[in-house]
Amino acid sequence: MVMDAVHPRVLADLGRALSLELTAVQQYMTQASLLGFWGDEASAERFREETVEEMQHAERIVQHMLSLGVAPAASQLQPVRHAPDLLGLLEQNTELEEQLIHHYDQAARFCGLVGDQPNGDFFRSLLEDEQHHGRELEAWLQELGGRRRRGYARYGSGRRGALSQRATF
Ligand SMILES: [Fe+2]
Ligand SMILES: [Fe+2]
């Protein structure tokens, strides 16, 4: 079978997808350990399961890129986002999932525009997984009482002193 040339933007979108999935692996793996330090083994276990799911997404992207004849090259991982408690971690993680959902949605739409159905289907399948994951995180957040009004998006250098006392890193 002769394969049509893949649009460079589709290849770039695959590379960014890999970076985002590996960012999620690093973030959920780190947070699982953090929860372990806090003595919340049950939540740590759930975060470990999420880490494995994100690793499987990364592997699917690597395999897909290889099948297209391109070398996987994730560019930059985002730093791990942290918070002083489980609710804050979940708030951070829903933001990362939203980034993934947005990325896959845009990537699938672009494939539609250039008539690339196989890659469009690939991105849509990952989109569905992340939408499902996003809903699970949202349900967990609701079990804990929902988002705080101000959230943790602005945790940063200004509060590092207070944060490090509780977050252990
Ligand atoms: Fe993922
Ligand atoms: Fe996810």
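Start with H1 and H2, which cross with left-handed geometry. You are looking at a predicted model, so keep a confidence colouring at hand for the later stops.

**Stop 1: H1 against H2**

Select residues 8-37 for helix H1 and residues 41-67 for helix H2. Their axes lie 8 Å apart, at an angle of about 160°. Angles over 145 degrees count as roughly antiparallel, so H1 and H2 are roughly antiparallel. Now colour the contact by residue class. The contact of H1 with H2 holds 17 nonpolar residues, six polar ones and five charged ones.

**Stop 2: H1 end to end**

Keep H1 selected. How many residues does H1 have, and how far does H1 reach from its first C-alpha to its last? H1 has 30 residues and reaches 44 Å, close to the 44 Å expected at 1.5 Å a residue. Step past the end of H1 to glycine 39. Its phi is positive, near 85°.

**Stop 3: H1 against H3**

H1 and H3 pack at about 165°, and their axes are 10 Å apart. That angle makes H1 roughly antiparallel to H3. The crossing of H1 with H3 is left-handed.

Show side chains here. From H1, select Arg9, Val10, Asp13, Arg16, Ala17, Leu20, Thr23, Ala24, Gln27, Gln31 and Leu35. From H3, select Leu86, Leu89, Leu96, Gln99, Leu100, His103, Ala107, Phe110 and Cys111. These residues make the contact between H1 and H3. Sorted by class, the contact has 12 nonpolar, five polar and three charged residues. While the side chains are on, recall the helical repeat. An α-helix has 3.6 residues a turn, so residues three or four places apart point the same way.

**Stop 4: H3 end to end**

Which residue with a positive phi follows H3? Glycine 115 does, with a phi near 70°.

**Stop 5: H3 against H4**

Bring in helix H4, residues 117-143. H3 and H4 pack at an angle of about 160°, with axes 8 Å apart. That angle makes H3 roughly antiparallel to H4. Their crossing is left-handed. In the contact of H3 with H4, count 13 nonpolar, eight polar and six charged residues.

**Stop 6: confidence**

Now colour the whole chain by pLDDT. The average is 89, and 86% of the residues score at least 70.

Finish by selecting residues 156-165. Their pLDDT stays under 50. For this stretch, the model has two contacts beyond four places in sequence.

Technical notes. Residues are numbered from 1 along each chain as its sequence is written. Chains are lettered from A and ligands numbered from 1 in the order in which they are written. This is a predicted model: local features need pLDDT of at least 70, side-chain atom pairs count only at pLDDT 80 or more; totals for chains, interfaces and linings use all residues. Helices (H or I, at least four residues) and strands (E, at least two) are DSSP runs, numbered from the N terminus. Axes are lines fitted to C-alpha atoms, for helices over the stretch in contact, and angles run from 0 to 180 degrees between N-to-C directions. Angles under 35 degrees count as roughly parallel, over 145 as roughly antiparallel, 65 to 115 as roughly perpendicular and the rest as oblique. A crossing is left-handed if the near helix is turned anticlockwise from the far one by less than a right angle, and right-handed if clockwise. Ala, Val, Leu, Ile, Met, Phe, Trp, Tyr, Cys and Pro count as nonpolar, Asp, Glu, Lys and Arg as charged, and the others, Gly among them, as polar. pLDDT is the predictor's confidence in each residue, from 0 to 100. Two residues are in contact if their C-beta atoms, placed from the backbone, lie within 7 Å. The expected span of a helix is 1.5 Å times one less than its number of residues.
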